[in-house]
There are 2 protein chains.
Amino acid sequence: MNPQHPLPTLAVEPGFFAGRTLAELQDAMHRGTLSAEALVRHSAAAIERLNPLLNAFVHVDIDAALAAARALDAQRAQGRVRGPLHGIPVAIKDNVDTADMPTTMGAAHFLGHRPAADAECVALLRAAGAIVIGKTLTHEFAYGPTGDRSVQGAARNPWRTTQITGGSSAGSAAAVASGMVPVALGTDTGGSVRVPSALCGLVGFKPTHGRVSAQGLFPLSPSIEDAGVLAQNVADAQVFMQALSGGGIGASAGAGSAAPRMMWVPNAPFAIDDPAVTACVRAAAVRFLGGADDAGLLDGAEVTRHARALQGALGAIQRSEAYAVHAERVEDEPEKFDPEVLERLRASRPVQGWEYVRAIDTRARLRAVFAQLFERVDVLALPTVAITAPALQQRSVAGPGSAGVRETLLGLTNPWNLLGLPAIALPAGFVDGMPVSLQLVAAEGSDARLLALAAQHWQRPA
Amino acid sequence: MNPQHPLPTLAVEPGFFAGRTLAELQDAMHRGTLSAEALVRHSAAAIERLNPLLNAFVHVDIDAALAAARALDAQRAQGRVRGPLHGIPVAIKDNVDTADMPTTMGAAHFLGHRPAADAECVALLRAAGAIVIGKTLTHEFAYGPTGDRSVQGAARNPWRTTQITGGSSAGSAAAVASGMVPVALGTDTGGSVRVPSALCGLVGFKPTHGRVSAQGLFPLSPSIEDAGVLAQNVADAQVFMQALSGGGIGASAGAGSAAPRMMWVPNAPFAIDDPAVTACVRAAAVRFLGGADDAGLLDGAEVTRHARALQGALGAIQRSEAYAVHAERVEDEPEKFDPEVLERLRASRPVQGWEYVRAIDTRARLRAVFAQLFERVDVLALPTVAITAPALQQRSVAGPGSAGVRETLLGLTNPWNLLGLPAIALPAGFVDGMPVSLQLVAAEGSDARLLALAAQHWQRPA
């Protein structure tokens, strides 16, 4: 696909933060032309106007945010600036504990639930000066990649409000993509940060498993899930991840000037292949490498040999761990679930213990295989999602090679959750007016380097 | 029970090694009154005479052992003595790989199977100068505590040959208890070293999980199993464990002279209670403390509160992991299994993945609980087995509170496998002419201290 001119635009008039970087906001606060209080008011205005259309936020507390903003402005006036998140309004996915706001997991079981304390990662963000302006819609219990099933309803895609945002970090994607906030927290168990980032035209980053504290995250499948970020650009994602990880993911790892060794992974058999999407993403990969054609892309056919093992193990682990979280609720309060989530949970129950044990063994074997692969390769490249955003409640992908929407949305992201690898979704262009996304996956622990590579080589589609 | 006078004797005329310590054997070799070659010939003679009665060994290779012995004698003659196992004949349970002998797991599936290399722990024993004289009978695939079901039949208890040795390290127990070898290797997943040690009047030691390499052990339930030792006395067990762990378990940790803080754990609800056995073991615990009465025993009722959680988690983990090992064999070659082992494997299949996940969580929680307990206590004390050796093929325990033999044999040992704790079985006396055993359990990683305490305070029943 050739870039369209002019570029597609959002279906809504974006909020204040659209196109503004954290560095610009800090610079304006430094110069005194903006304040944290003003940012909160801009955010409140955008939420008031846009949230009825997009259903991104399920709870906001502007008064508390204003109070926090004034305190941070006072600190700044005294020369005490905590860092690049000082005074920045952020959104938190509603499956992450906040002491001052409800945390519902998008589920009727937890309506009105108020945690006793912030999740560790939320506390780290606040300590870095971020202002939590509200909680964003999650697919119920984060158990779905569409973002259109929760007790609070469906989030809507700012690029076309009849379409899903993707999920499960659905509201965070809608909030950032529409400029309600500059940056938001999500969680990613099979793609729940990257999928909505892809479908909403955002940068989404999932760290190496375990690099961000999971304390205070409502679990879906603890051995493969992590908190991550949805942002408008790579530099903002770097800033956010450094705070979120308590400095565990450095923002400043040098990537060197050379183009990375990039291996292109075919969609099949991980997911179906939409030729227009794939061509757009592949062109973005070539631009990333600075090349004129795709001669620089290494052939990733070897990766596909492990597709069945990766997805089999992922399924056994995710389903077993998810049912372990919910067994009593499924037994005692089934009527409170969204029917589709309940059905998926019930289908997760029959995995057998020995299959889980095999999956854990398979995971260990595959982690060793990919550790070796990453001695020859810097990044794997592939679409983040094989398609553009489907319609709300759409459940199958039309056309030749028809497939389920859920499997299609997750097929290219969830292998990297199994392996615990860092992965980033980068806006790659547009197909039929909707965003598509390049996904880059790197070696375990190379989070800072992956972010630095993206910061250096990625260019916004133009 | 009062000690019997005279002490009961074996039902067979014991072999050369009965009552001889490794230190005595080394001393005799040092003085030249014995040689490794002579020890091998003594072992061969005992095996030839006793094995038809006890079925301890399923494979022996005297020629290879003699060759090894001559080489070790030549080294000694040159002043090169590798250590306290130099020239000592040992027996290896037949679920542990040996490069020069078959390794059958007691199963028809593996008759004639010849591993390519020694298990790491066997290689360590050989490097320490031990001579592998043969392989000992294991309950089929180590999946049973009676030692009377394998493709090579049943092992028999040297104290009464109508009774089981206990298992699954059945042949190792019969071989050491009858003096065929001074010491033997076993493996312990729920009590498979300690149960046969108890029923055959031996010292049996299971280390902290992971302290001995499991490479080359045929798995039963890898997350709870470990190689250990069956010996005639604590000092021999110390020597053997130091070699087996590659020095990871020191032999020389000081225990201090003070009596340990010992907590007495009631049998119920872990297992039934035979008053005669319990009284004999409790008296041994009092002697261990050097006391006149049981005033020094701390009350372990708090431990029983965790019995249900311990045994539930153990069951889910062991069954899931065991079926994961055998799924294809059960599907493709069911007829090759012993019917009882097959039935137990098939009963292991239905554990569900989410139950395994819960069990792993429960294990982590209980490990923390017991780590705290061991800040107040040095050792837990309880019978190793609640009863004396049942008859071959007996499957229920008669009398009030009748129970299954399998559950009764394992009930007091398998909680410590779940927790990964070091535990030792120590001869405590006799009931109706059959050995009973005191079990001591210590904190994770305190293997050397537990062995040192036993070396200092345990006294052979007299």
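Which residue stands opposite A:F205 in β12(A)?

A: The residue opposite A:F205 in β12(A) is A:I424. This is a predicted model, and the pair belongs to a contact between two strands of chain A: β5 (residues 203-206) is joined to β12 (residues 423-431) by three bridges, and the two run antiparallel.

In chain A, 11 strands form an open sheet with mixed pairing, in the order β1-β3-β2-β4-β6-β5-β12-β13-β9-β7-β8. Its edge strands are β1 (57-60) and β8 (297-299) of chain A, each of which pairs on one side only. On average, neighbouring strands of this sheet are turned by 30 degrees against each other, direction ignored.

Helix α7 (residues 234-244) of chain A lies across β4, β5 and β6 of chain A and runs at about 150 degrees to β6(A). Helix α5 (residues 170-177) of chain A lies across β1, β2 (89-93), β3 (131-136), β4 (183-188) and β6 (226-231) of chain A, and runs at about 155 degrees to β4(A).

In chain B, strand β4 (residues 183-188) can be followed residue by residue. Six of its six residues are buried. In a regular strand the side chains alternate between the two faces of the sheet. For β4(B), B:V183, B:L185 and B:T187 are buried on one side, and B:A184, B:G186 and B:D188 are buried on the other, leaving both faces covered. Strand β2 (residues 89-93) of chain B pairs with β4(B) in the parallel sense over three bridges, and B:A91 has B:A184 as its bridge partner there. Strand β6 (residues 226-231) of chain B runs antiparallel to β4(B) and is joined to it by six bridges; in β6(B), B:G228 is the bridge partner of B:G186.

Helix α15 (residues 447-457) of chain B is also mostly covered, with nine of its 11 residues buried. Among these buried residues are B:L450, B:L451, B:L453 and B:H457. The buried residues of α15(B) pack against β5 (203-206), β9 (379-383), β12 (423-431) and β13 (434-441) of chain B, and also against helices α7 (234-244) and α8 (275-289) of that chain.

Last, the contact between the chains takes 16 residues from chain A and 16 residues from chain B. On the side of chain A that touches chain B, α10 (307-332) and α12 (353-373) of chain A are the elements that give two or more residues. The most come from α10(A), with seven residues. That side divides into eight nonpolar, three polar and five charged residues.

Definitions and conventions. Residues numbered from 1 in each chain as written. Chains lettered and ligands numbered in written order. Predicted model: local features only at pLDDT ≥ 70, side-chain atom pairs only at ≥ 80, totals over all residues. Contact = placed C-beta atoms within 7 Å. Helix = DSSP H or I, 4+ residues; strand = E, 2+ residues; numbered from the N terminus. Nonpolar A, V, L, I, M, F, W, Y, C, P; charged D, E, K, R; others polar. Pairing = 2+ DSSP bridges. Axes fitted to C-alpha atoms, helices over the stretch in contact; angles between N-to-C directions. Buried ≥ 20, exposed ≤ 12 C-beta atoms within 10 Å, placed from the backbone.
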